[in-house]
Amino acid sequence: MAASRAVAPRRALRGCHGQWLLLGWGRRLCSGGGRAAADARTRFGFQTVSEEEKGEKVYQVFENVAKKYDIMNDSMSLGIHRIWKDIFLHQMNPYPGTQLLDVAGGTGDIAFRFINYVRSQREHQVRQKLRTHQNLSWQEITRLYQEEEHKSLGGSHVVVCDINKEMLKAGKQKSQRLGYSEGLSWVLGNAEELPFNNDNFDVYTIAFGIRNVTRIDQALQEAYRVLKPGGRFMCLEFSHVNNSLVSSVYDLYSFQVIPVLGEVIAGDWKSYQYLVESIRCFLTQEELKELMEDVGFLKVEYRNLSSGIVAIHSGFKL
């Protein structure tokens, strides 16, 4: 049913430098038929490129940065990205048994936090259960703990889906190093054409990934399709700063410092110049909210963090 939803025609959204971009459904109905699809233009940082070219360029960026991705995240954000991701998980508030799809999940930051959070919730449930059985012998208590150890996530599972093989490779190596294996799987896949059945997940997350998607509207439709009725879409992404003083300092730091860090730490100026530019060209908080509503998500809202440097968008498939 989700796949056949009627959706609104494409809308014009303001891009970087005041340019107006066309995003949305119906691009293949433009005059010229198949050629129109091939000629569709989009943004790659401050450049205007074909959709096909953007996909290739973004893939190359993340192939280049995969090995230094985590180190650069800490360096660029001074570690604050960890706090943003913790807030993101607490707002999600997953329960044991939750089935999560983490798209553009790369090196596993959201997946590992999800596992930790659910495991903590599960341990709390076990303690509560034991408190209601005060007359158990120590042998019975030990047996109960041993039984619960084999289902510490209560049936929860997270699928990390990423289009980039190098990012998935880095994530798998990280999970082995940190000891994550239960309730975790890795899938190579495109956010615009997910390799999953309809109505399959309780929660869909995408953290610092949606601005790199070529057709954001298509990715949102796919998110809607794979979520179960009642499922939740959550996006953590760089957004538009709502404080002029913070904005001035942020722009100076972004353009003068971050590419230099990329060159010094990762040996790659261009990739981090693109990342900075892509943030400036991304949708405003309200524009992303409207796109989510066009797809069919309800109860859509967003929460600014750090004066809007990043925002959490949330919506439900009801």
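I looked up how strand 5 (residues 99-103) meets strand 8 (residues 201-207) in this predicted model. The two run parallel and are joined by four bridges. For Leu101 I noted Tyr204 in strand 8 as the bridge partner.

I then checked what lies against these strands. Helix 8 (residues 216-226) packs on the sheet and touches strand 5, strand 8 and strand 9 (227-238). I put down about 145° for the angle between the direction of helix 8 and that of strand 9.

I found an open sheet of seven strands, in the order 7-6-5-8-9-11-10, with mixed pairing. Strand 7 (184-188) and strand 10 (298-305) are at the edges; each has a single partner strand, so one side of each lacks a neighbour in the sheet. Neighbouring strands of the sheet are turned by 15° against each other on average, direction ignored.

I turned to the nonpolar cores. The largest has 31 residues, and those touching the most other members are Trp84, Phe114, Leu184, Leu236, Phe238 and Val310. I listed the elements that give two or more residues to this core: helix 4 (80-92), helix 5 (109-131), strand 6 (157-162), strand 7, strand 8, strand 9 and strand 11 (310-316). Helix 5 supplies the largest share, seven residues.

I looked at Leu184 by itself. Leaving out residues up to four places away in sequence, Leu184 touches Ala111, Phe112, Ile115, His157, Val158, Val160 and Ser175.

Last, I noted a second, separate core of 29 residues. Among its members are Cys161, Leu220, Ala223 and Cys235.

Key:
Residues are numbered from 1 along each chain as its sequence is written. This is a predicted model: local features need pLDDT of at least 70, side-chain atom pairs count only at pLDDT 80 or more; totals for chains, interfaces and linings use all residues. Side-chain values use heavy atoms; hydrogens and water are left out. Two strands pair if DSSP finds at least two bridges between them. Axes are lines fitted to C-alpha atoms, for helices over the stretch in contact, and angles run from 0 to 180 degrees between N-to-C directions. Contact means heavy atoms within 4.5 Å. A nonpolar core is a set of buried Ala, Val, Leu, Ile, Met, Phe, Trp, Tyr and Cys residues joined through side-chain atoms within 4.5 Å. Buried means under 20% relative accessible area, exposed over 50%, partly exposed in between (1.4 Å probe, protein chains only).
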